[in-house]
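Morning, everyone. I have one chain to go through today, and I will keep it short. Please have a look at it first.

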Amino acid sequence: MPELEVINNKYILIVRQSEPLKIDNENARLWRASLIHKYCNDLGLKSVYLTSTFSHYNKKQRFDKTTKLSGKENDTFVFLRTPGYKHNISLLRFIDHLIFGIKTGFYIIKDRKKIKTIFASHPTIEGAFVSVVLGCIFRIKVIVDVRDLWPDLYYDIIGKSLISKIFLSLALLPYVFMTRMTFSFARYISAPTTPYLNWADKKSFIKTAKTLIKLPFAYPDSQRINTGLRPAFLSDYKGYKVCVFIGTLNENMFDFLSIDTAVKRFNKKIVFVIAGDGSGKKTLEKYFCNDNNVIFPGWISKNEILNLMQYSDFALAPYIPIDNFEMHVPNKIVEYLSEGLPVIYSVKGEMELLLKDCGLRYDATANTESDLCFENVIERVLSDNSLLERLSSNAVKIFKNEFRAEIVYKNFITSFLQSSKIP
């Protein structure tokens, strides 16, 4: 395991297995853990980003063995070698995460005297569990950051029949135990919403005092290079409204099929740009193959995303209505708000609370007479020229007031990560 040079003080360890990194693509959008790592460095705090050699989104190995990379004095990455996997829901993924958790444990044991604070994402369950257990043993402050409701999310995705629920209950028993142990012994828990914090707190066997930190997903102020050029794939759609979706195309997370009637009805008025890649892309391309106003540009770079959003009129967030999303404000929503895009979204809960003044909700199951029918929501957008302008103005205000990464994450670092004190 690679040694770290420590000058004068200890460092902050960030444990996060699955995020896009600049090493994957120079134009990659930085997510939560990566931004916290960046702002630690900006503030002059030593930090190490501990992750996997395997890129979850590219499904490729970054390195053939455990590797340490150091740039500036405070900018260090350690990549732990894990075997990887081809499918997101598979036995190999569980094995990959287990190995990452074990190697994370060995890393923390080896470097325990040099670590000031651990910021560990949940998921992965194994990485967070090992971090908390060893944090208790070695008196290291650990903050567990809830990113998704694992393992509960699996019940919503694949536990729809009685047989599958019974199977999942047995298969996930070790993960249920690790999750409960993690939040039983964690003294600090962060999460993007209050319901996520409450979910984590309820998992605890031990009702001890905990510090619950609401830490919303945040984005940096736009650093767009304004080319003034409309994306080439929009060249045939002059005069159309542009509705954009950007993200992983996963049929277990998003329901695009319910927008089909609106796609056909408004085929001369709206172009739907579904940007990204994933297991559901081929199915969607086949389903919409006869609809000329649906475009699949594939995975696009950070600058291309910013440029696309600049030329879009509103964004689409067709989440499947499960607890994981009703209790959540995903980073995708904040990304849309960062560019002033009104959001057409599909679930109640935290998203509705946030987007009531800068978005419109629809119900995929609503009949054509309902105001919540997707077609009728789109008709409202098209018939009211001032609506999008008003919603866009509100989106900009909300982002600037609540979701600027420079403020949100730097405040979190100075308030919680910088101090190593354990209550």
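This is a predicted model: local features need pLDDT of at least 70, side-chain atom pairs count only at pLDDT 80 or more; totals for chains, interfaces and linings use all residues.

I start with strand β11, residues 241-246, and strand β12, residues 270-275, which pair in the parallel sense over six bridges. Strands here are DSSP runs of E of at least two residues, helices are runs of H or I of at least four, and both are numbered from the N terminus. Two strands count as paired if DSSP finds at least two bridges between them.

Residues are numbered from 1 along each chain as its sequence is written, and side-chain values use heavy atoms, with hydrogens and water left out.

Back to the sheet. β11 and β12 belong to an open sheet of six strands with parallel pairing, in the order β13-β12-β11-β14-β15-β16. Its edge strands are β13 (294-298) and β16 (359-361), each pairing on one side only. Neighbouring strands are turned by 25° against each other on average, direction ignored. Angles run from 0 to 180 degrees between N-to-C directions, with axes fitted to C-alpha atoms, for helices over the stretch in contact.

Helix α12 (331-338) lies across β11, β14 (314-317) and β15 (343-345), at about 145° to β11. Helix α14 (374-383) also packs on the sheet, touching β11, β12, β14, β15 and β16, and makes about 155° with β16. Contact means heavy atoms within 4.5 Å.

The other sheet I want to show is open, with eight strands in mixed pairing: β5-β6-β2-β1-β7-β8-β9-β10. β5 (67-70) and β10 (211-214) have a single partner strand each, so one side of each is left without a neighbour in the sheet. The twist averages 20° from one strand to the next.

Now Asp96, in helix α2 (91-111). Among the residues Asp96 touches are Gln17, Phe54 and Tyr85.

Finally, the chain has 16 helices and 16 strands, and buried residues make up 54% of its 423 residues.

Terms used
Buried means under 20% relative accessible area, exposed over 50%, partly exposed in between (1.4 Å probe, protein chains only). Lists of a residue's contacts leave out its neighbours within four places in sequence.
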